[in-house]
Amino acid sequence: MSHLHHTIDYVELAVSDLPATRAFYSSAFGWEFNDYGDTYAGIRSADGTGEVGGLNATATPARGGPLVLLWSADLDATVRAVEAAGGEVVAGPYEFPGGRRFHFLDPSGNELGVWADA
């Protein structure tokens with residue numbers, strides 16, 4: 001995995017329940033993790049050569065911080081996967097100038113969004 005100057009390189013989410021939040025992202029999005037004990041799990045990059053983020057159980061989750069957006073090739077299927085994994089859809093899906101998107105809460109209360117092309 002290479003790093004690019006001035007690009008988002010790593011996103012860390014505060015979580016209140018590491019096992020539940022890890023299971024949610026694994027089930028809803030197929031994410032894989034590197035475990036670092038009881039309080040941290042690194043989110044593996046899609047190609048498996050590094051990490052793109054982490055779940056931190058030593059921090060306090062809060063809505064209203066930076067909004068992380070994921071991209072989906074099938075937004076409606078992603079909504080169903082989020083709900084089936086135990087996430088709560090809190091907005092949308094709705095249309096915006098670049099396509100469609102929705103927002104959800106993970107088991108720790110972090111709000112993220114998912115978008116798809118129009």
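Colleague: What is the order of the strands in the open sheet?

Modeller: In this predicted model, the open sheet has four strands in the order β1-β4-β3-β2, and the pairing is mixed.

Colleague: Which are the edge strands?

Modeller: An edge strand pairs on one side only; here that applies to β1 (11–14) and β2 (33–35). From one strand to the next, the twist averages 25 degrees.

Colleague: In what sense do β2 and β3 pair, and over how many bridges?

Modeller: Strand β3 covers residues 40–44, and its pairing with β2 is antiparallel, over three bridges.

Colleague: Turning to the helices, by what are two packed helices described?

Modeller: Two quantities are used: the angle between the axes and the distance between them. In this structure, the axes of helix α1 (residues 18–29) and helix α2 (residues 75–84) come within 8 Å, crossing at roughly 150 degrees.

Colleague: Why is α1 described as roughly antiparallel to α2?

Modeller: The cut-off for roughly antiparallel is over 145 degrees, and the crossing angle is roughly 150 degrees, so α1 counts as roughly antiparallel to α2.

Colleague: Is the crossing of α1 and α2 left-handed or right-handed?

Modeller: The crossing of these two helices, α1 and α2, is right-handed.

Colleague: Which residues make the contact?

Modeller: Helix α1 contributes Phe24, Ala28 and Phe29, while α2 contributes Thr78, Ala81 and Val82.

Colleague: How do the residues of that contact divide into nonpolar, polar and charged?

Modeller: Five residues of the contact of α1 with α2 are nonpolar and one is polar, with no charged residue.

Notes
Residues are numbered from 1 along each chain as its sequence is written. This is a predicted model: local features need pLDDT of at least 70, side-chain atom pairs count only at pLDDT 80 or more; totals for chains, interfaces and linings use all residues. Side-chain values use heavy atoms; hydrogens and water are left out. Two strands pair if DSSP finds at least two bridges between them. Axes are lines fitted to C-alpha atoms, for helices over the stretch in contact, and angles run from 0 to 180 degrees between N-to-C directions. Angles under 35 degrees count as roughly parallel, over 145 as roughly antiparallel, 65 to 115 as roughly perpendicular and the rest as oblique. A crossing is left-handed if the near helix is turned anticlockwise from the far one by less than a right angle, and right-handed if clockwise. Contact means heavy atoms within 4.5 Å. Ala, Val, Leu, Ile, Met, Phe, Trp, Tyr, Cys and Pro count as nonpolar, Asp, Glu, Lys and Arg as charged, and the others, Gly among them, as polar.
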